Number of protein chains: 4
Amino acid sequence: MKYISKKAPMGWNSYDYYDTTVTEEEVKANAAFMATHLKQSGWEYIVVDIEWYSRDAGTKREQYQYIPFGDIEMDEYGRLQPAVNRFPSSADGKGFKPLAEYIHGLGLKFGIHMMRGIPREAAHRHLPILGTMYCANEIADPSSICKWNPDMYGVRKTAPGAQEYYDSVIGMYAEWGVDFIKCDDICNTNLYVENPYSAAHEIEMLHKAIEKTGRDIVLSLSPGPALLEKAWHYEKYANMWRITDDFWDRWDLLLDMFQRCELWQNHVEEGSYPDCDMLPLGKLHKGFGEERDTYLTKEEQKTMLTLWCMFGSPLMLGAELTKLDEWTLSLLQKTEILKLVDNAYHGRQETRDECCAIWSCVNADTKEKYLAFFNFNQELQEISCDLSEVEQFREMSFHNAKAEELWEGEQTELTEGILTAQIPAHGVKLFRII
Amino acid sequence: MKYISKKAPMGWNSYDYYDTTVTEEEVKANAAFMATHLKQSGWEYIVVDIEWYSRDAGTKREQYQYIPFGDIEMDEYGRLQPAVNRFPSSADGKGFKPLAEYIHGLGLKFGIHMMRGIPREAAHRHLPILGTMYCANEIADPSSICKWNPDMYGVRKTAPGAQEYYDSVIGMYAEWGVDFIKCDDICNTNLYVENPYSAAHEIEMLHKAIEKTGRDIVLSLSPGPALLEKAWHYEKYANMWRITDDFWDRWDLLLDMFQRCELWQNHVEEGSYPDCDMLPLGKLHKGFGEERDTYLTKEEQKTMLTLWCMFGSPLMLGAELTKLDEWTLSLLQKTEILKLVDNAYHGRQETRDECCAIWSCVNADTKEKYLAFFNFNQELQEISCDLSEVEQFREMSFHNAKAEELWEGEQTELTEGILTAQIPAHGVKLFRII
Amino acid sequence: MKYISKKAPMGWNSYDYYDTTVTEEEVKANAAFMATHLKQSGWEYIVVDIEWYSRDAGTKREQYQYIPFGDIEMDEYGRLQPAVNRFPSSADGKGFKPLAEYIHGLGLKFGIHMMRGIPREAAHRHLPILGTMYCANEIADPSSICKWNPDMYGVRKTAPGAQEYYDSVIGMYAEWGVDFIKCDDICNTNLYVENPYSAAHEIEMLHKAIEKTGRDIVLSLSPGPALLEKAWHYEKYANMWRITDDFWDRWDLLLDMFQRCELWQNHVEEGSYPDCDMLPLGKLHKGFGEERDTYLTKEEQKTMLTLWCMFGSPLMLGAELTKLDEWTLSLLQKTEILKLVDNAYHGRQETRDECCAIWSCVNADTKEKYLAFFNFNQELQEISCDLSEVEQFREMSFHNAKAEELWEGEQTELTEGILTAQIPAHGVKLFRII
Amino acid sequence: MKYISKKAPMGWNSYDYYDTTVTEEEVKANAAFMATHLKQSGWEYIVVDIEWYSRDAGTKREQYQYIPFGDIEMDEYGRLQPAVNRFPSSADGKGFKPLAEYIHGLGLKFGIHMMRGIPREAAHRHLPILGTMYCANEIADPSSICKWNPDMYGVRKTAPGAQEYYDSVIGMYAEWGVDFIKCDDICNTNLYVENPYSAAHEIEMLHKAIEKTGRDIVLSLSPGPALLEKAWHYEKYANMWRITDDFWDRWDLLLDMFQRCELWQNHVEEGSYPDCDMLPLGKLHKGFGEERDTYLTKEEQKTMLTLWCMFGSPLMLGAELTKLDEWTLSLLQKTEILKLVDNAYHGRQETRDECCAIWSCVNADTKEKYLAFFNFNQELQEISCDLSEVEQFREMSFHNAKAEELWEGEQTELTEGILTAQIPAHGVKLFRII
């Protein structure tokens, strides 16, 4: 799908810290922080995640993440609106327009989350579809639901009024000034075990609706794992798709991501970004119960960031930005590493086994060459690599080559074209070959 | 589960002819016919099948079997009521009581269908549960739906108010005089491919609610295929469970039933009846579009009835009784065959391959012995059996034995204990060994 | 299948202690011990397990359990013979006859293990089938192998000479005096994931071959898990079938057995014994590397024995009998508990959840009633049961009833028909209600 | 994997006509025909398919395709040799060297088939591995077999001697002058349903062995379907891999190939060729029973050839070349269509539904543009396409564009950028846009 830039989107998302509860004020604070401290390193999207239309979101958190049959803000055409008690500037039907303007004013871009489909309540109330003679109950599919969120019914594939409904919603978003849409329960509709791609037609409807707006809007699909056999379809109709179920700050999930990146490594291209999900860094989880620090060690955080960058994944911060400690902030300002997400850099897994992985990365124009050693063990491990055997380095010469480690800055000599290094537990070294 | 008799239920069900549309007058006509022509052969249940609470059932038949977000009759406690436009005697909150009285007056028993769970509309409207401080939205599980019917949400396993809801519904049914409940979307909740027994707790709730009424009510579970690994659970909490998805009048489905009966043959006991589903005979399908005759040939109809009887399945007629032709009616009056459904008769598959099956049946008290030869081929086939090798006939003597065929009445001699017969295509011969 | 007694077989098996290495002398020592200390408690079978035909069994144990292309003893008809270096009395073609005679002389019964099929070596050498004009290569199926043992090829279903091969083998076993055959890779041919019952025809061939011998030989099928949908087939053609993969002395496997017994509880009948596998008690594992004591705690051992007995499983000791300590021996002499394996005692699971299970057992003739409380937790747990709600105790009176615990002998009063007890971690109390 | 050219291999394979029975004389005749009539159109490989080492191949064809425990030609190191009775020039240990020389002399290339692994007979006979102290029984894995061919055991992953065995075999092939190896039972080891990529290590061993020879040898892997999640592994270690099980001349299989090409369309690159399998044209099947003509209609043959070319599949003729009719021969000489297999032409599926598919193809250098309309229906169908919506044609101008159909040569005008054509049943039109 058409796309506006030559690298995967970089930004912030409210979910990992706020769950369903983020407010306008909190969004603005994060945006202001990004504009000041992160924009110059390439970070630009501010994304409000799930259930911004819920007035009571989070009020029964010990019982439900998403309150069934809860109190939602919806217009007379079944279109969800920001909950005014949480987003005061949306009062009087202004939607997210004022907030988007604020964010644009900071030189940033604005994104929102949506669930695929139409609100169940709209269907049960037989609400009209804007600009049509059809009603919600005629386009809602009562057997198409989300496994984990009770808000919506899927939209029928062939029902008159269905495309118009999506047009009415996405048109409204474009009018608000939305630059990024994260649509959920659509990349893998996981209730339907035998048909996880049951919403393929809704992806196509979204694509059409976005094209009709004429606005550059990034389309991001969740949740994963995306289906490898639909790679061609994601690439045609979307910009990002989640290759994993929700990623959180646990080593087992991080380790698992290496296998996912192996599978999807050939699918990263301009406008096509397999998505490793948010980066759970700094403070997390307030909306889920209690605020806590990320469980990832510093080494694991560098491992994560290196993998995401070499692979070329979108980078979305799952942190409360205003509470970032200095060390974490410094990670996010490492532009010599972050630049690897650019499509000009071509990252590939060289080898992977139970103990370690090696990735290489080459810029075909500048001939820059990178090599990353990842240690999966719980102890320090020596890893080495004969550069002449690296597929991407074929026919390159390494006479007198040296290696500069990018996280720590130290230099290493190569011995007969072989690079050897001590890698800390769960850690990484990322070398530029010079 | 406790049960009132020593044989599987025999009766009539409105579905195969009327789909969702049957009316009070039509039910009465079928009941009157049964009382006159079939009661003396053991038929006794009159069952009103699905969506008797729907006012608009059948009005959009080319588009939907079950109209989503349709027009239903429901009391202030979220309990579905007979649609008064279809069941006039139910006016003024009388429910099915008057109809049940009419049927009891004919010396017959009265059954109704129900979907597991609570009406979606009750949940979205937050209706109260009778006799509790809880509301429908608190016990409804928005992620538990039926794959093929849009009316209900399943009930949560541990929600306070859930058992009380079922008590309120089943208590009302008992008060109406209901003798038989066919509960649907519960035996195999087939949307949930990885957890088809997701409503196990609702089976237990129904059982408890029935026990509380003190009334003898048969509990029948649909749809199939039932799960063999839950045989022990069905036996404990229900009386009948469908071992097949909807059975219709097609040879492939009938042939398939032999494999299902093989699987379940050891599970037929007093009060425990694996259910081969309705017998699609005579006129069918009016509610599905156009009335038509059964597609089963006469031979296939005898094959079906013989298998159901030897296996010990419930026998539920899926026909418009008032339109039965004489030949079909005569089948249903063959008491010397129908009696084999009695638990005293112990039926077992002797052999089965791609061409034929042989079943044996023995009454341990009377020593009556039966043998049925089924021909699966499309041509006449000779089948024979050495009675000394029949497991159930072990240690019995067949000196001078003869065989009397029960459908046609002819007698055959055995040759050295071997019974041989010519069986028509898709047909059966059922022998009493004398 | 026909069977000689009214209870599941009880005996000893060489595998858990000796793996593939047991010798004649060791078998005799175990048999002598059984005759002296266990026979009077009902134990009677002595079974020599896998690869008694291997001369080099166990010599490369760190690399292989079963040496591929190893050194086997085989006659000119492709029939495996006892390895003379391990079973000296088998010299000169006498096979297991002398050993069987010794065991019979002690008043015990003799069993051996076999792999289904024909030795691969016989097929590659084109050996003749006894009494036929066919050769091993004509009946061996080169695509039917065992996942875990390299010795045999399965036998083709329809090949002339196939039944004759099995007749020649089983006839030889009968001549030797074998009373019990444990046939392996046949109950669940687990290499064939989509067709684990691929050797159904070999079960039938074995059955026919045994019937032809006229000798009472128990047919036991391994490994499990047996397929519930083939229950009717096991019951027809075998006496025992393993409902589990190899059982060992680990709590997780023991806990798992409760789920397996739930599934199979309705299938225990005279001559039909779902098999929970050997009892790993006392000293174990010498042949697997190093001798060690069972990992099961004393409480777990009582739990195991109680479950096996109430369920009605065969009881096969997986211990070196001559090294049994006194406590373990005393378990195996508890005749008031062991008697529950008799078919007259009808055991059923009453309830089971994550914390505990309750089983009941009734003797329909003597009216004896038993109740067992199993504690799955890692701490002491109080369990109680209202006897009036136990399905098997229906319509029995418990006025003034008492309970006698059978492992420890203590007596407990019931309170209003309710039995309550403190059950140790992973332990059991087994009550007789009096 | 390294590769010698910029297009997928084109040639002839003996299987579709000869099954296991082809002889030296027949191979030569086909080679001579190719040199004369097809070489100038790009066809160059002559491949001898399965069981060239079998002396009795085909002699029990009604019973077996591959005779188990049959009569094979093998050297003292367990390396299979051409059966001298079929390939006389291989006498005296010369192997395929003389035949390869003959084929090279015609200006063509020579390929042979192999089964992965080591002959079972070598393992059972404990034959030595050339140049090592190890024997076949030490590297053969008795639990790794082929589902459909009885000749070999797989080779163990970590056994010393295993790589040396493959080196000894492939080294011998290189010495013979082999240019192309089709290795079977390796791309999808389909017996192992839960692990169809069980021979991944044997692919890597083959790759290493080929690299060691220093010879340009194409490595082709069979059978399919290849595993999409291993695409990166095939690309790294092989040149071709079958994306389908055996393809034959049936419409359902051809239709199915469209779905397979959809899946693999992004994976065709220089040296990396997903393989649609042989083209069953002209006379077929003599070795399978009786010679017959292809079942594909002329339209279907053009559909097949167009799809294979636009997709970029290897093209291997499955025909007896010497019996080709003129029409079929003319298909194989259509160089303006065959040239599309060149990597410079970039083919993509534009759309596909149940009725039709549209593929586009672009040469980025020459700007040539192609569009193919495929009709899946059994009747003539009008298909049209707006060229401005074709993804690959984006930003190209179609002012005054015309279309030339390449099979029949006719020209068509476009109407406002829309190309419309009548496509015959199961047929294709392939347009060059000019």
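Predicted model: local features only at pLDDT ≥ 70, side-chain atom pairs only at ≥ 80, totals over all residues.
Colleague: What rotation superposes chain A on chain B?

Modeller: A rotation of 180° does so, with 0.0 Å of shift along its axis and an RMSD of 0.0 Å. That is the relation of a two-fold axis. The C-alpha of V193(A) is the one in chain A nearest the axis, at 3.4 Å from it.

Colleague: Turning to chains C and D, how many residues are in contact there?

Modeller: On the chain D side there are 14 residues, in contact with 14 residues of chain C. Helix α4 of chain D, residues 120-124, gives the most to the side that touches chain C, with three residues.

Colleague: And how do the residues on that side of chain D divide by type?

Modeller: Seven are nonpolar, four polar and three charged.

Colleague: Back to chain A. How many helices and strands has it?

Modeller: Chain A has 12 helices and 21 strands.

Colleague: What radius of gyration does chain A have, and what would a compact globule have?

Modeller: Chain A has 22 Å, which agrees with the value near 22 Å for a compact globule with 434 residues. Along the principal axes, the C-alpha atoms of chain A fill a box of roughly 75 × 40 × 40 Å.

Colleague: What percentage of chain A is buried?

Modeller: Buried residues account for 52% of the 434 residues in chain A. Regarding contacts in chain A between residues at least 6 apart in sequence, 71% join residues at least 24 apart.

Colleague: Now helix α6 of chain C. How far does it reach?

Modeller: Helix α6 of chain C, residues 162-176, has 15 residues and reaches 22 Å from its first C-alpha to its last, close to the 21 Å expected at 1.5 Å a residue.

Colleague: Which residues of α6(C) are buried, and what covers them?

Modeller: The buried residues include A162(C), Y165(C), Y166(C), V169(C), I170(C) and Y173(C). D167(C) and Q163(C) are also among the buried residues. The covering elements of chain C include β3 (109-115), β6 (152-155), β7 (180-184) and α7 (200-213).

Colleague: What comes just after α6(C)?

Modeller: G177(C) is found there, with a positive phi of about 100°.

Technical notes. Residues numbered from 1 in each chain as written. Chains lettered and ligands numbered in written order. Least-squares fit on C-alpha atoms with pLDDT ≥ 70 in both. Contact = placed C-beta atoms within 7 Å. Helix = DSSP H or I, 4+ residues; strand = E, 2+ residues; numbered from the N terminus. Nonpolar A, V, L, I, M, F, W, Y, C, P; charged D, E, K, R; others polar. Rg over C-alpha atoms; globule rule 2.2 N^0.38 Å. Buried ≥ 20, exposed ≤ 12 C-beta atoms within 10 Å, placed from the backbone. Expected span 1.5 Å × (residues − 1).
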